[in-house]
Amino acid sequence: MIHPPDRPSRLGAGGDNAIAFAIGVAADEWTLVILRHALQDGVRRFQHWQEILPISTAVLTSRLRRLAELGILTPVEYDRNPVRHEYHLTPRGAAMWPMMVAIWAWEVRWAEGHPENLPAMRHLTCGNLFSPLMACRTCGEAVSPREVTGSFGPSGSWPRSAPNTTMRRRSSGSSNLGPGFYPESRALIGNRWSAAMLGAAYLGAHRFSEFQRRLGAPATVIADRLRTFNRLGVLEAFGDADRADRHQYRLTDKGRAFFPVVMAAIEWGQRWFIAPEGPAVVFHHRGGDHAFSVLLLCSACSRPLKGKEIAVV
C-alpha cells in the first residue's frame with residue numbers, strides 16, 4: 001500500500017492499527033536517524049546522508065524507499081543523466097517534529113554519556129532558548145504524565161498494535177549511528193519490542209507475565225528488554241531478589257518523563273493512519289473529565305510550539 005503524503009491513510013478493518021504504523025516508523029534506528037537529519041538539518045540527497053552517516057547503500061536505499069511508500073518522504077527528480085532524486089519531507093513527514101523535539105528534550109535532561117554536547121533549540125517566536133512543556137490541547141493546562149490515563153479504543157489491541165516487519169533492523173544500542181543521535185532514546189524505542197514494552201508499561205503492565213501475555217513476545221526478549229530498561233533507570237524492579245519472575249516493575253521519574261515522546265508518536269500515528277473502527281488508544285486528562293491530546297509549549301513564553309518556529313542553535 002502506497003500512502004498519500006498529504007492526507008490520512010484509510011486502513012482496512014481488523015488489520016494493523018495506527019500504533020502499529022507509528023511503531024513501524026519510530027522503532028527502527030536507521031529510520032529515526034534519517035528523519036532526524038531531514039527534519040533538523042534539511043538533508044534531502046542520498047549522498048548527503050551517506051556523507052554524515054555510517055550507513056550502507058543498501059540500507060539507505062531500503063529505508064528511503066519505505067519512507068516514500070509511507071508518504072513521509074517524496075522523491076523529486078533533480079538530475080536526468082543519470083537519474084537522481086532528492087527526498088523531500090511531505091506534510092505527513094513534517095508532522096513528526098513534535099516526537100523529535102520531545103526526544104531531544106528528554107536526552108538533554110535525562111541521558112548520560114553523550115559523546116558531544118547536544119545542540120540547544122530556540123523558539124523563534126519569542127527568541128529564547130527553550131525546553132518543551134507537555135500540555136493538554138483540550139484545556140491548555142500543563143500536565144504531568146501522572147495526570148493522563150489511557151486505554152485501548154475501538155481499533156486497539158496488543159495483536160493489532162505490534163507490527164510484523166520484514167525490514168532488517170540493527171539491534172538496539174548500536175555503537176555508532178553518526179553524530180548527534182540519541183543513544184538512550186534509541187534503546188527505548190529503537191526496535192519494535194522495546195517500543196511495545198514501553199507502551200505496555202504506560203498502560204499499566206508491572207510484571208514479567210503481564211508484559212509477555214500482552215505482547216506475545218518470547219520470554220528471552222522480555223527479559224532482555226526489562227534488564228535494559230532497569231539499567232537505564234527507566235523501570236525499577238521491586239520484589240524477590242532471587243526470583244525475577246516475582247518482580248514488579250515500576251516507571252521511574254526518568255521513565256515517566258519519556259511519556260511526551262510516546263504520546264507524540266501515537267498522536268502522529270492516529271492523525272495519519274485511520275482505522276474504520278475508530279482510534280486505537282484514547283487518553284483522558286485525569287481530573288479534568290475531558291479527552292487529552294498532547295500540546296507542546298515553549299518553556300520560556302508558554303506559547304504553543306510550531307515546527308517552523310524552532311531553530312537548532
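1. A residue is termed buried when its relative accessible area is under 20%, exposed when it is over 50%, and partly exposed in between. The model under discussion is predicted. By this criterion, W106 and F258 are both buried.

2. In total, the structure holds 7 aromatic pairs. One of them joins W106 and F258 in an edge-to-face arrangement, with 4.8 Å from centre to centre and 80 degrees between the planes. W106 belongs to helix 6 (residues 97–110), whereas F258 lies in the loop between helix 12 (253–257) and helix 13 (259–272), so this pair ties together parts that are 152 residues apart in sequence.

3. A further edge-to-face pair is formed by F152 and W158, whose ring centres are 5.1 Å apart and whose planes stand at 85 degrees. Are these two residues buried or partly exposed? F152 has a relative accessibility of 28% and therefore counts as partly exposed. W158, with a relative accessible area of 17%, is buried.

4. Which residues form one aromatic cluster? The cluster consists of F21, W268 and F273.

5. The charged end of R45 is placed over the ring of Y78, at 3.8 Å from the ring centre. Likewise, R109 has its charged end over the ring of W110, and the distance to the centre of that ring is 4.1 Å.

Definitions and conventions:
Residues numbered from 1 in each chain as written. Predicted model: local features only at pLDDT ≥ 70, side-chain atom pairs only at ≥ 80, totals over all residues. Heavy atoms only, no water. Phe/Tyr/Trp six-rings, centres within 6.5 Å; stacked < 30°, edge-to-face > 60°. Helix = DSSP H or I, 4+ residues; strand = E, 2+ residues; numbered from the N terminus. Buried < 20%, exposed > 50% of the residue type's maximum accessible area, 1.4 Å probe, protein only. Lys NZ or Arg CZ within 6 Å of the ring centre and 35° of its normal.
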